[in-house]
Amino acid sequence: MKILLIRHGESEADLLDVHEGRANFSLTSLGNMQAKQMSMWVNKRFKPDLIWTSTLNRAKETAKILSEVTGTLIREEEGLKEFNNGVLAGMKRLDAKLKYPEPIGGRKPHEQIKGGESELEFRFRAEMTFSKILTESEGMECIVIVSHGGMISNLLKSFLRLPIPSESRFFTGDTGIHFLHKEGNKTSIVFLNNQEHLQEK
């Protein structure tokens, strides 16, 4: 099975200098253009059988554009949402530092921000969601998962069977594409964070 992990395009939060996470911002005009460029690039190279998407606006809007270009059905999945950052969602970064400063040395993996989830809970959610998606996509040749930077990093850790907790982090830029391949118990990464579509004319 071919698996494409794709991050959404630029969102309004990127321009406001706020913590995004569960804050439900939409794509900017640039984000829409990035999603269109990504969709055309994917359409030339892959034939997705199904698009799985987070239910947050910025991911759904990206998935919708990809669906329209490729003619692929979309399935929404709550488990693909970004890290639940609780009270920080939508808050200006400067205000967050004053109101909810991080403990010295950072939060422990089991510790939550008020109203949110811990890093361990986030990783376990990614494990559960990825397992569900792979099981329910069995028999398909190619699937796309549209999600968020933090979730995609955890999905990659799950795919690579990295330990829990893990200090590894995987960066994904706007509409960055990770191409994974799974055949039985054999897995491989073809490429990570490909954004060449943003340079195409």
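Gly176 is in contact (heavy atoms within 4.5 Å) with Leu5, Ile6, Arg7, Asn193, Asn194 and Gln195, leaving aside residues up to four places away in sequence. The model is predicted: local features need pLDDT of at least 70, side-chain atom pairs count only at pLDDT 80 or more, and totals for chains, interfaces and linings use all residues. Residues are numbered from 1 along each chain as its sequence is written, and side-chain values use heavy atoms, without hydrogens and water.

**Gly176**

- Gly176 lies in the loop between helix 6 (149–159) and strand 5 (177–183); helices (H or I, at least four residues) and strands (E, at least two) are DSSP runs, numbered from the N terminus.
- Gly176 has a relative accessible area of 0% and is therefore buried, a term for under 20% with a 1.4 Å probe and protein chains only.
- Between the C-alpha atoms of Gly176 and Leu4 there are 9.9 Å, although the two residues are 172 residues apart along the chain.

- A pocket is an open set of points on a 1 Å grid over the protein atoms alone, where a 1.4 Å probe fits, with protein on both sides within 12 Å along at least five of seven lines; lining residues have an atom within 4 Å of a point.

**Second largest pocket**

- The volume of the second largest pocket is about 170 Å³.
- Helix 5 gives the most to its lining, with four residues.

Key:
Buried means under 20% relative accessible area, exposed over 50%, partly exposed in between (1.4 Å probe, protein chains only). Grid points are joined across faces, edges and corners, and a volume is the space filled by probe spheres set on the points.
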